[in-house]
Amino acid sequence: MLSYRHGFHAGNHADVLKHATLQFIHKAVIATDPRPILVVDTHAGAGLYDLKSEMGEKVGEWRQGILPLLPKAAEAPALLRDWLEMVHLDGPRAYAGSPEISRRLLRAHDRLLCFELHSTDFAALSTLLCTDPRIAVVKADGLAGLPAVFPPPERHALVLIDPSYEIKTDYGQVQDTLLKAWRRLSTGTYLLWYPVIDRGFTERMLGGLRNSEIGRQYRIEFCIEPDEARRGMTGSGLLVINPPDSLPDAMAEALPWLAREFNASGQVRAEWVKP
Ligand SMILES: C[S@@+](CC[C@H](N)C(=O)[O-])C[C@H]1O[C@@H](n2cnc3c(N)ncnc32)[C@H](O)[C@@H]1O
């Protein structure tokens, strides 16, 4: 039984890092390669969030996340600017989640495949995207579903793996899924999101991937507070496999800016794990 609902957390500091980076990478990948691409979102969520709804205001993380950044879009580093401008234009009542960000970047010949298991979020996402013939939304396990559709006929893919890590076994399953998918399409670009809640679980998963045959691994981490500051999520990160060439320079500019804006006192880094 799934209890995690992204609507309680949408627009928080982890979403800022993930959504801005996803948009930047998607744009960079299609700018350098005209071939049709399959975008896969293994844990898609509801797609669009009303941050001012009862759900969004219950924890209200967006008020310390995206909200203070909105008036600063024009002065933000390139990696964040476009995305912040889009969020500013949409307003807090229609905050775009990962599948909606991807949808906006699809070209006529691209496809988007979304997996979502929660009945309510699956229904909302289907309603949002089902009229677009380039998009499929399925109520199925994304960790089993991703390798099952790989390699795609396009032989060109961008994958977001963004689990809720509700159960500890998710960490091991994510590692297996990513390895299986990569073995079927080693040229794909993969973004794996992870929370910094329990450092041991995170490092075991990332260590397993580092010691695997997967090459070109780039790691980004943004922690608002040191790990030991309190219980709960003190930060988050992304492991990017086969990042676009422009990502390291863009990150080197974006992360210090974000760290200043959020007054971050935890680990903030972006580095090659395996160049
Ligand atoms: C962190 S949220 C996704 C947020 C979304 N990617 C975004 O950035 O807008 C994780 C989602 O995965 C769903 N989920 C959990 N386990 C899943 C699984 N095995 N397969 C597909 N969806 C799953 C949850 O219901 C939840 O909506």
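Modeller: Start with burial. A residue is buried if 20 or more other C-beta atoms lie within 10 Å of its own, exposed if 12 or fewer, and partly exposed in between, with C-beta atoms placed from the backbone. L192 has 24 C-beta neighbours inside 10 Å, so L192 counts as buried.

Biologist: What kind of model is this, and how are residues numbered?

Modeller: It is a predicted model: local features need pLDDT of at least 70, side-chain atom pairs count only at pLDDT 80 or more, and totals for chains, interfaces and linings use all residues. Numbering runs from 1 along each chain as its sequence is written.

Biologist: Back to L192. Where does L192 lie?

Modeller: In strand β7, residues 189-196. Helices (H or I, at least four residues) and strands (E, at least two) are DSSP runs, numbered from the N terminus.

Biologist: And what does L192 touch, sequence neighbours aside?

Modeller: I161, V174, L178, L238 and L239, leaving out residues up to four places away in sequence. Contact means that the C-beta atoms of two residues, placed from the backbone, lie within 7 Å.

Biologist: How many residues are in the largest nonpolar core?

Modeller: That core has 84 residues. L125, V159, I161, L191 and L192 have the most contacts inside it. A nonpolar core here is a set of buried Ala, Val, Leu, Ile, Met, Phe, Trp, Tyr and Cys residues joined through C-beta atoms within 7 Å.

Biologist: Which helix gives the largest share of this core?

Modeller: Helix α1, residues 13-32, with nine residues.

Biologist: Now α1. Is V16 buried or exposed?

Modeller: Buried, because 23 other C-beta atoms lie within 10 Å of V16. V16 sits in helix α1. Beyond four places in sequence, V16 contacts G65, I66 and L69. V16 and T234 are 218 residues apart in sequence, yet 14 Å apart in space, C-alpha to C-alpha.

Biologist: How do α1 and α3 cross?

Modeller: Their axes come within 9 Å and cross at roughly 100°. Axes are lines fitted to C-alpha atoms, for helices over the stretch in contact, and angles run from 0 to 180 degrees between N-to-C directions. Therefore α1 and α3 are roughly perpendicular to each other. The cut-offs: under 35 degrees is roughly parallel, over 145 roughly antiparallel, 65 to 115 roughly perpendicular, and the rest oblique.

Biologist: Which residues meet there?

Modeller: H19, A20, Q23 and F24 of α1 meet L79, L80, D82 and W83 of α3. By class, that contact has five nonpolar, two polar and one charged. Ala, Val, Leu, Ile, Met, Phe, Trp, Tyr, Cys and Pro count as nonpolar, Asp, Glu, Lys and Arg as charged, and the others, Gly among them, as polar.

Biologist: What about α3 with α9?

Modeller: The axes of α3 (residues 78-90) and α9 (residues 247-261) come within 7 Å and cross at roughly 70°. So this pair is roughly perpendicular too. A78, L79 and L80 in α3 meet A250, M251, E253 and A254 in α9. The residues of this contact divide into six nonpolar, no polar and one charged.

Biologist: Switching to the ligand. How many residues surround it?

Modeller: 21, with H43, G45, G97, S98 and H118 the closest. Near means that the C-beta atom, placed from the backbone, lies within 6 Å of the molecule. The shell has seven nonpolar, eight polar and six charged residues.

Biologist: What does P163 touch?

Modeller: H43, D170 and V174, not counting residues up to four places away in sequence. P163 lies in the loop between β6 and α7 (169-184). P163 is buried, with 20 other C-beta atoms within 10 Å.

Biologist: Which residue has phi near 45°?

Modeller: R216, a positive value in a residue other than glycine. R216 lies in the loop between α8 (199-210) and β8 (217-223). It has 16 C-beta neighbours inside 10 Å, so R216 counts as partly exposed.

Biologist: And what is the phi of N242?

Modeller: About 55°, positive although N242 is not a glycine. N242 sits in the loop between β9 (235-241) and α9. N242 is partly exposed, with 19 other C-beta atoms within 10 Å.
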